[in-house]
Structure formats: C-alpha cells, structure tokens
Number of protein chains: 2
Amino acid sequence: MSTQNSNIPSSAGNSGKAPGEAVGIAILGHGTVGREVLRLMEEHRDALEHRIGGPIEVRGVAVSDKEKHRGSVPEELLTDDAMTLIQRDDIDLVVEVIGGIDYPRRLLLTALQAGKSVVTANKALVAAHADELAEAADRANVDLYFEAAVAAAIPVVGMLRRSLAGDQIELVSGIVNGTTNFILDAMDSTGASYDDMLKEAMALGYAEADPTADVEGHDAASKAAILASLAFHTRVNYDDVYCEGISHITAEDIAAAKAAGQTIKLLAICQRISDESGQEYVSARVHPTLISRDHPLASVDKSYNAVFVEAEAAGRLMFYGNGAGGDPTASAVLGDIVGAARNKVHGGRAPGENTYANLPVADFGQVPTRYHIDMEVVDKVGVLAELATFFAERGISLRTVRQEERGGHARLIVVTHTALEADLAQCVERLKESTSVKAVKSVLRLYSE
Amino acid sequence: MSTQNSNIPSSAGNSGKAPGEAVGIAILGHGTVGREVLRLMEEHRDALEHRIGGPIEVRGVAVSDKEKHRGSVPEELLTDDAMTLIQRDDIDLVVEVIGGIDYPRRLLLTALQAGKSVVTANKALVAAHADELAEAADRANVDLYFEAAVAAAIPVVGMLRRSLAGDQIELVSGIVNGTTNFILDAMDSTGASYDDMLKEAMALGYAEADPTADVEGHDAASKAAILASLAFHTRVNYDDVYCEGISHITAEDIAAAKAAGQTIKLLAICQRISDESGQEYVSARVHPTLISRDHPLASVDKSYNAVFVEAEAAGRLMFYGNGAGGDPTASAVLGDIVGAARNKVHGGRAPGENTYANLPVADFGQVPTRYHIDMEVVDKVGVLAELATFFAERGISLRTVRQEERGGHARLIVVTHTALEADLAQCVERLKESTSVKAVKSVLRLYSE
C-alpha cells in the first residue's frame, strides 16, 4: 500500500503555532454567507477560540467593489485585491464564499501553494477541480475543507470522510437541491403545474431569476460528484454525472405517482455496482425518481434537503436539514474554520482527498435502473402482445402492466423490473417508432436500493 | 481565554510514526461488537490502511475466558491479561468493547497514562467518568474517541464535536434507546399493553432478560449526559440527568395521545435554558414525552434511533439510523479506529473534551415544561372552577381543558402552557389531595422546542 501524504516536508503547512499567536483569517466574499460568517465569528469569538484552542483574527475581507461594502466591514480589513491578501505572511487560513469557478480556482490554488489552509463553500469549484486543489493541499501539508459545498449545515462531508471511514458505503442518495424539492413538493400537495410552482418558488425566493442550474439538475450534479468521490474513494467529476432535471415533469406525472402511493423527487444517486463478471463500478446520476411514500426521503418537504446512506455495517442512515441559505451555510463554514484553525494551532491534518480505490465510473447505459412508462396506445386486440415483445427481446421483464380505456385509444402504464439503462432506453425508442403507440407520455425511473 | 491543551509536551502521545511502522491495536472484549470489529478489520484491511495512511496490526485480543474464544481468535493474539496487553510497547491504540464501569475504567486510565489512544463504545463509563478519562488523554496528548457510545452508527458525537463546532446549539433531543422505542411503537400500532409489548420485545431480542436499564431510562440517561456535555461544552454527568422510564405508560395513555394527533416517545432532551435574570443553564432529562405526529421524531419506528438538533445558524437537523446492534456499533468503532490511527501515523489530535463553558446544570424543578394531566373527577357543578384555581395560584395558565361524562363521574383532561416543572409537580400533588379528584390517571410532559 502507499499513502498520499508520505512525502510531505514536516516543516511546511500545519506545523503548529507558538502559544498565543493568532490564526490569521482572510475571507473572500461578503455576500449573504460571508456577512453571516463574519457576524457569527464576532458574536461567538470567545467560544470559537476555546474550541480551537487558540486565538483567531480576521485580517482581511476581499470584495470586488469596496464602495458597496464600506460601513459593513471595518475599513482596515476591506480590500479589493484578494490575490495580494491571500499571500500575506499573516494569513494562515483562507475562507472562500465568492462562487464561480475560474477566479476562485486561481485564488485557492495560490493560497494552498503559499501554505494557507482553505475553507470553501463552492460546490461547482470542488466538483470541477477537486483533483488539483487536493494535490496542492497535500503538497503544502495544509487542509482543504468544503462541508458547506454539499447540503449546507447537514454534515455529510464530515460523515463520509470521518464517521463512516471504517465502513464500506454501498449507496448515497439524496435530495440535495432545495429549489427543485420545493417545486416538486408544491406540485405534489397542490396538483398545480411545473410552470406555476416555479413561479411560486421565484416569488418566495426559493428559485433564482435564471433557475436553470437548479431545475436542470446541474447544482445537484455537482453535489453528486462530490458525494460519490468521498463515498467511494474514487475521483468522480461533474462531467461523469448523468444529469436530468425536472422541467419536463407534468401535473399528470405527479397525479399518477400519487395514485400509486409514490411521489417524485429529484434525487442524486451515488451507487457502487457490479457487473456480471464481478467488476465493481461507481455510478453517479441525478434524475427525477419515483419513490414510495413510505421511504424516509419521500417525506422531505419544502426546500429541506436529506441524504440517505447505506453502508455495509452501519446499515441505513439518514441526515436531514436545511440544505441552503445564508445561516446554515455559514454554520458549515464556521465548523470548517474551527477544524482548520485547530490544525494550524496544534498541528495535524484533516483527512484529505483519498481516491485510492480508483474504481471505474460506469457509463450510464450500464447502470441497472427501473422504468415507469406511461403511453397512449391504439385500442385494438394484440397491441399488448406486440409491445411486450419489445421488452422481451431485450431481456427486460415487466413487473406490472395496467391498461385503461379512454374512448378510441387506451392508456398503458408499464413498470419494469431492474434492467440496464441502455436496454430500457432502446426499448423506449422502439416503442416510439411503433405504429401501435400514439404517444409515450412520460418515462420515469423508479427508486430501488 | 485559556486552552485545555496548552501544556502538552510535544514529545508524548501522537507525535507521528516512522514510515511503514504499523499502528499496534489491542482489542478488549470479543462479544458481538468485538467479533464484528475484528472481522471487518480483516476484510477491509487494505481500504482501512489507505484511509489511515499507514499500516495497522491487531496485536492482542483480551477476553475473560480464553477457552471460550479459542478458534475464533488467532491463538497468538488471545490473552486473558488485558492489563499487561494494554501496557505493551507495541500497542498504540486500545479498543474497549467490554462494557461495565469499574474494570474498563481502570484499564482505560492505565492505557491513556501509558500514551495509548483509546476508542470505547462504553456509554455508562463515558457518562460516569468522562472527566478523568479526558484529563488523562489530555495529559498524554492522545485521543479518546467514543462515537459508538451514543446511537451506534449515527454519527452524533462527531457531528457535535466537529461539524457544529462553529455554531451555538440550543437543543438536542432524541430517541436514543431502541428497546423502549420498539415497545412504545408497538403499543401505538397495536393498542396492546406495556407488559405484552415488553414480552414481545424480549421474544424478538430487542429487550434483555433484565430490561431495567432500558425501560427505566438509565441507558438513555447515560447518552443524554454525553450529548449534553458535548453540545454545551459543560460537564454533565449521569447523576445530573432527570430520568423517568416508560413502565408506567398504559394502553389508555397511548390511545389518548393518538386521539389527539400525538404519540408517546421516550426522549432524551438536552436544552440550553435561561431564567428571568438571563442566567443560562443546561438541562438534561429523559422522560416519556407526548409529541405531535407531524414532528420528524414521531415517525421514528421500531428500534430505530434519531437525534434532532437545533442550532442558532444551522437551524433544525435530524440524524436517523440503527442505534444499536453489533454491526452498526462496529461501524462507529471502526470509524474511530481510523481517526485515532490516522493521528498516530501523521501526528495531531482529535478535538477532545472541552468543558470551557461550564454552565450550571439546572435543577429539574427549574426547567420549563408542559403537562398533560388526565384525571377522574367528581361530576358536580363547580369542580372545574375549584381545580382551575390550583393552577392559577401557581401562575400556570391552561391551554385546553376537556371534560367527558362517564356515568357518575367525569374525566377531565388538562393541557397546560409552559411553566416550571416544580410548580407543575406541586399542582399535581394538590390535585391528588382534593376530594373533587377521584384519581390522577396519568401525567405526561409535552414536547416543545
């Protein structure tokens, strides 16, 4: 076996502080989260210093426009030159709450190379560039913390990195985007359309003016990449995640789910799978999912988040809470600041990136899934037999078939047993081509553990 | 401010290992949990060593009767002399899964004094002697881990120690005993009596032959002491915890709760409270509690555990999973082994005991609670007015009063607003003395956040 940390020079990075010497902190960004972090650090300074075991001092707050923040940040801390701030000798710890990818990436790589530990809440950055950030942290023997990047104050990162470090994780599935959960929950409880509930979410501040990143699943896909990397000790990037949003979900889909004792949730699903030869893969995907109302994830309402974990020894665990918002995100950032500052004071490093397992990431087509297909078919004898052969030809067995008369044509709802995604998708294409099928109204995947 | 760790000699304890040198592990106990820990360590050795960053080796397994375990433990590891094993120079880490208090206390104090880090699953020991164990760990600059002592694989200890280290915790309430939750859940779903469902729990292996520690709340009280200590950075011992079990709960209580949209759970409640002068206290208590079926804790069924946390910035969080059993407990023990071994390899220490806040523990009488009182009263004019004065005299306001005729006498159910426990308890004594009250059938506290 080899270790990631074996070549670290002992002089660099987290080698401890002289008693009484403060840990110098730079905060990059002064938006909703940055302001709350600064406020809580002031209000609870004494408690935080006790928990850290030494003094801390905020020595700079970097913003893009100083005029805008004059008054809310002490003048002597305010700067618009983040790059100079993070390289100052009196800065030990850089907290990034700006957002975006390229600019914070340059800043954090520079900070890590200069021996500063980093705390970031930036899921897009971590999902896209965890590799080089982790490598820079390893080389400098400093910490890279990002609890706030996934599900805000729900401590999933710490749980995967530490608490379950002795277990083998089989599955991590979760509701990790508050906007889409709000919309789907509202559609479920009111029967309204997607468009109406998106407008409602915007009016209430749960969705942004451009909701694309949320409703098309991109935000959840970033989080799925991070969760899968941690759970399976394997690098999973944003581009490895299959991603499908909720904008095509109709009120009729929701009603049909309800009638069958189910609901539709946008789930991030990270799974360890094996093929017939026993080769192990990891899979990370985000898509709307039919889930039984009995499952703990089904009852997660409003904009709440929840992450469900199944591990070999621990069994089933669930974590639930506020997955977004200034205060919960600030709580996670502050927890990371305490951890990173402790290591600056006492020496030692947090468990870092560890992708030793290096499992292949499965193509989505190779992933076992289950389909719920709702179609309009011609109302004549022999249709069911014809369509059933499409499934049989691909080795897909059917779990339930339900046919409803609807004046002149029939509605056919098919639920399959588990099969490979590629076979199921091909089968749907074949159904669409058949003259016996008037329309494939909806195709939804079912949750299975 | 002062720190607990300021006088640690840098040479002692977790000062790092030479590359390739294994972390030597002694396991004390070879029951359900010990066997599973040993099995998982063998099965996942390669993965664990990658996560630790260096090799590990189990160098001894101590049992009370070697004959009993011959065959299931390699002969060269088996010993009945735990005291000698833990002091050997080739042991770095002692894992205690024996149970009991006095004997493991002596062993673990000796191990810590000898510079070994300790992982224990022993809630009774930690609840009773965390003080001296933590002090011994601090003096030797080694780690004391006990994730498995509370709610097994649900990582509440790590969450309170690390993830929420930057936040102020207001409340920790939880279902932390699987036996009592199984019994109450079974009473709720079947309408059966306590005695019948206790027998059922015994038959299914959810309750021990002597169920006292579970059903009288002692086990939950140990966990409440540990949770309150961690949440409020204040020493709370087992003896500080008010403790009331579930053996007096009747099928009628459960039925009445159900009719009111509630259920009864045995909750451990750890709360930060303030008196009128603004003085802060902590309170830790265990008692049967009426809780609305809408609350996430109400839907925790069977022998599952769940811990609910409310923090200033994070808001409401809930953690749910298997709170007992060999496998989930072993998962938590292994997570701790990885953490403690990492620090032996790389240097550094886990956040230890930190009771800097040192808040006073409130007398139970000073804690704000709410009562649900069910009584039989004489059916005559003026009774309600008479009884209402008992409450009014103590400044207790009533939220609802419900009266039911029952041929010759009346049933009166009173739900109070929040008042001090001592005033409520005195009021119940006064009711019992009144000639207008035939019997006080049940007194239950209501959950309020």
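**Strands, helices and domains**

Modeller: Happy to: B:Ile27 stands opposite B:Val95 in β4(B). This is a predicted model, where local features need pLDDT of at least 70, side-chain atom pairs count only at pLDDT 80 or more, and totals for chains, interfaces and linings use all residues. Residues are numbered from 1 along each chain as its sequence is written, chains are lettered from A and ligands numbered from 1 in the order in which they are written, and side-chain values use heavy atoms, with hydrogens and water left out.

Colleague: Over how many bridges do β1 and β4 of chain B pair?

Modeller: Strands are DSSP runs of E, at least two residues, numbered from the N terminus, and helices are runs of H or I, at least four. Two strands pair if DSSP finds at least two bridges between them. Strand β1 (residues 23-28) of chain B and strand β4 (residues 93-96) of chain B pair in the parallel sense, over 4 bridges.

Colleague: In which order do the 6 strands of the open sheet in chain B lie?

Modeller: The pairing in this sheet is parallel. Its edge strands, each pairing on one side only, are β3 (78-79) and β6 (144-145) of chain B. The order is β3-β2-β1-β4-β5-β6.

Colleague: What distance separates the centres of domain 1 and domain 3 of chain A?

Modeller: The bounds come from an automatic or database domain assignment, which gives domain 1 (23-152 + 326-346), domain 2 (157-322) and domain 3 (364-446) in chain A. Taken over C-alpha atoms, the centres of domain 1 of chain A and domain 3 of chain A are separated by 52 Å.
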